Amino acid sequence: MSSVNEQPIPAARPVIGEEEIEAAVRVLRTGRVVQGPEVAAFEEGFSELVDGRHCVAVNSGTSALHLLLLALGIGPGDEVIVPSFSFAASANAVRLVGADVVFADIEPGSFGLDPAAVEAAITPRTAAIMPVHLYGHPAAMDKLMPIAAKHKLAVVEDACQAHAAALNGTPVGAFGSGGTFSFYPTKNMHSLEGGMISTGDAEVARTLRLLRNQGMEQRYANEIVGANMRMTDVAAAVGRVQLSKLNGWTEQRRANAAYLDQAITTSSVVTPPVAEGARHIYHQYTVRVQGDRDAAMQQLTEAGIGNAVYYPTPIHRLKPYWEPDQKAGRTWDLPETERAAAEVVSLPIHPSLTEGDLERIAAAVNALGENL
């Protein structure tokens, strides 16, 4: 049990400081609050994270995925290969454009798509692969990109949890046809709410800008059917402040992870491995529990250590996917996905942690013992 004098350590702690508040108020006082100069400046600044690619800001990470698929021409009759071990938005975006989701299994280390499973899942209808850089660890892009090139497939990177992650020096969001990022409050940086799309194709970028703004570049001159998925200037102003702090926060997360890697010694959990050449930015510090996960989580909670499971139910077992698959007689063989969903627990890793917090986290994990 935690001491009465010790406050619980939250699993995540969104940062909204005076600089963010001042930026929001400054924009509100201008009276120009939607899709203005702050958004343009945010897009330009974020481009530096993705090797100078075009960046298009939208109102959420889900919108980013949805619009990127639309801009790439993916729709009814197409299939997109997606990991089932992810947040539902990864697959939902595919369904929203009318395409079919094909689930492939993951690698046990990175939790990203297994290249061999992807290749086995390709059919004549496959139009795209959607690697998810889960928890901030880059997927195996060095192996997935040649597969995509061989089969002439688009690659849609779901980098919503992986701002500034990289593989062999290339940042996520700069590998494929396009990348998507989320600025939800618990992400490594946020804009209160929002998303960003990166692409190396100027025409795709222009289409994205039309799609987010009712199909217009000039007012009332609608060129295509679009939607309202714009980012506000208030959100962009907050995002710009957060972007300026991202590097420092990222290094603190990586330092916190290095401490926990060394300090956690119990065999009851497996600390997160990092692939060769990968820059893991630890949106989550996700361990695997070797034993009774529920008991471990209860013990951690009683010790005042925030913890959570992302994601307890793989997407293919969620009602919108499970029921249609059952009716169609379709089954998915995803043993690593099922194992991950049954074992993972995420521990606090955010940059607000103190040295004392880290010591408490490691001590609580080690106190789980060897026989859960």
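Biologist: Where is the place of Y311?

Modeller: Y311 sits in the loop between α9 (293–302) and α10. Keep in mind that this is a predicted model.

Biologist: What makes the peptide bond from Y310 to Y311 worth a look?

Modeller: Omega is near 20 degrees there, and the bond is cis. Most peptide bonds are trans.

Biologist: OK, on to phi. What is the phi of D51, and where is the place of this residue?

Modeller: D51 has a positive phi of about 55 degrees, although it isn't a glycine. You'll find D51 in the loop between α2 (37–47) and β1 (54–58). Most residues other than glycine have a negative phi.

Biologist: Why is D51 called exposed?

Modeller: The cut-off for exposed is over 50% relative accessible area. D51 has 56%, so it counts as exposed.

Biologist: And what about N168: what is its phi, and is it buried or exposed?

Modeller: The phi of N168 is near 50 degrees, a positive value in a residue other than glycine. N168 lies in the loop between β6 (166–167) and β7 (170–171). Its relative accessible area is 52%, and the cut-off is over 50%, so N168 is exposed.

Biologist: Let's turn to H283. Where is it found, and why does it count as buried?

Modeller: H283 is found in the loop between β11 (278–279) and β12 (285–289).

Biologist: What about A237: which helix holds it, and why is it called buried?

Modeller: A237 lies in helix α8 (residues 233–263). Its relative accessibility is 1%, and the limit for buried is under 20%, so A237 counts as buried. Leaving aside its neighbours within four places in sequence, A237 is in contact with A23, R26, V27 and E38.

Biologist: How far apart are A237 and H137?

Modeller: They are 100 residues apart in sequence and 27 Å apart in space, C-alpha to C-alpha.

Biologist: Now the helices. Why are α4 and α10 called oblique to each other?

Modeller: Helix α4 (residues 89–96) and helix α10 (residues 319–328) pack at an angle of about 60 degrees, with their axes 11 Å apart. Roughly parallel needs an angle under 35 degrees, and roughly perpendicular starts at 65. The angle falls between those, therefore the two helices are oblique. A91, N92 and R95 of α4 make the contact with P320, Y321 and P324 of α10. By class, that contact has four nonpolar, one polar and one charged residues.

Biologist: What order do the seven strands form, and which are the edge strands?

Modeller: They form an open sheet in the order β1-β9-β8-β5-β4-β2-β3, and the pairing is mixed. The edge strands are β1 and β3, as each pairs on one side only. From one strand to the next, the twist averages 25 degrees.

Biologist: How do you know that strands β2 and β3 pair?

Modeller: Pairing needs at least two bridges. Strand β2 (residues 79–83) and β3 have five, in the parallel sense. I81, for instance, has V102 in β3 as its bridge partner.

Biologist: And in what sense do β8 and β9 pair?

Modeller: Strand β8 (residues 178–182) and strand β9 (residues 195–199) pair in the antiparallel sense, over four bridges. The bridge partner of G179 in β9 is S198.

Biologist: Why is β3 described as largely enclosed?

Modeller: Four of the five residues of strand β3 (residues 100–104) are buried, so the rest of the structure largely encloses this strand.

Methods
Residues are numbered from 1 along each chain as its sequence is written. This is a predicted model: local features need pLDDT of at least 70, side-chain atom pairs count only at pLDDT 80 or more; totals for chains, interfaces and linings use all residues. Side-chain values use heavy atoms; hydrogens and water are left out. Axes are lines fitted to C-alpha atoms, for helices over the stretch in contact, and angles run from 0 to 180 degrees between N-to-C directions. Angles under 35 degrees count as roughly parallel, over 145 as roughly antiparallel, 65 to 115 as roughly perpendicular and the rest as oblique. Contact means heavy atoms within 4.5 Å. Ala, Val, Leu, Ile, Met, Phe, Trp, Tyr, Cys and Pro count as nonpolar, Asp, Glu, Lys and Arg as charged, and the others, Gly among them, as polar. Buried means under 20% relative accessible area, exposed over 50%, partly exposed in between (1.4 Å probe, protein chains only).
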